[in-house]
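Student: Could we go through this protein chain step by step, beginning with the whole and then turning to single residues?

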Amino acid sequence: MVTGAGSGIGQSIAQQFARSGDIVYALDIDEGRAKSALVGVDGDIRPVRVDVRDYEHVASVLGEARERTGRLDVVVNSAGVFDGYAGIQGTTPELWQRVIELNLTGAFNVARAAGLLMLKDDGGGRIIMISSIGGERASLDGLSYVTSKAGLNHMVRRLAFELGRENITVNAVCPGSIGTNLKQTSEEILGNVVDMSNGIGRAMTAETLNFVLPAGRSGTTDEVAAVVEFLAGPGGSYVNGQAIAVDGGWTAG
């Protein structure tokens, strides 16, 4: 199960699992975007419209998928929005509430619904949250965004401590500068409560960005998907409660 699978990182994750032969439920708040995960991929991808803010809806979809396929092995939450690098002046109460609701409460809804089903199956499982290096470095994104991701990283640690005893690992993957259409999809979801004209790309010159990125380039969604696939596979069985940066070395300094 992959939420936010209609675009960007979530879409790459869903498609990578499908290429590996898994049954993949591609969940997205927009039905059209969910179906876009099918494009160019030979595999069993099943698009479903899901709003992660609605716990009962999330639990129902995950439960139905489990009934149809027999079990729930891996759940990846990639659904989320960006706040346009808004500071205290630009972060209105409405923007704050909507970002926290989508990025943090939505992640909780997915984690709780998945965790309870995996506990019922008594066979373990993997829960993976797509977070951000902004969850560890407060200056890298906007006020509501970094707060939501910091909360998400700590929620992952708490869940890992509890669920790890039942062979359920919970980890966060924290991308840095990745080429996606997150700004566009966030603007579509948040509407006029956000101003996307700001951002770290505006605050830094190309030369400065090149200096802080040891890799010398932005990453790709496939590179993030590869880390998620590792955590979901046999090699990731002893990795639990971690927030793993996929940032080309940005936060190494």
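Tutor: Of the 253 residues in the protein chain, 49% are buried, where buried means under 20% relative accessible area, exposed over 50% and partly exposed in between, with a 1.4 Å probe and protein chains only. This is a predicted model, in which local features need pLDDT of at least 70 and side-chain atom pairs count only at pLDDT 80 or more, whereas totals for chains, interfaces and linings use all residues. Residues are numbered from 1 along each chain as its sequence is written, and side-chain values use heavy atoms, with hydrogens and water left out.

Student: How many helices and strands does the protein chain have?

Tutor: Here helices (H or I, at least four residues) and strands (E, at least two) are DSSP runs, numbered from the N terminus. Counted in that way, the secondary structure comes to nine helices and seven strands.

Student: Which residues does Leu62 touch, not counting residues up to four places away in sequence?

Tutor: A contact means heavy atoms within 4.5 Å. With residues up to four places away in sequence not counted, Leu62 touches Met1, Leu27, Leu72, Val75, Val110, Ala113, Ala114 and Leu117.

Student: What is the phi of Tyr85 near, and is Tyr85 buried or partly exposed?

Tutor: Most residues other than glycine have a negative phi. Tyr85, in the loop between β4 (74–77) and α4 (93–121), has a positive phi near 60 degrees. At 24% relative accessibility, Tyr85 counts as partly exposed.

Student: Where does Asn167 lie, and is Asn167 buried or exposed?

Tutor: Asn167 is not a glycine, yet its phi is positive, about 65 degrees. Asn167 lies in the loop between α5 (143–163) and β6 (168–175). With a relative accessible area of 52%, Asn167 is exposed.
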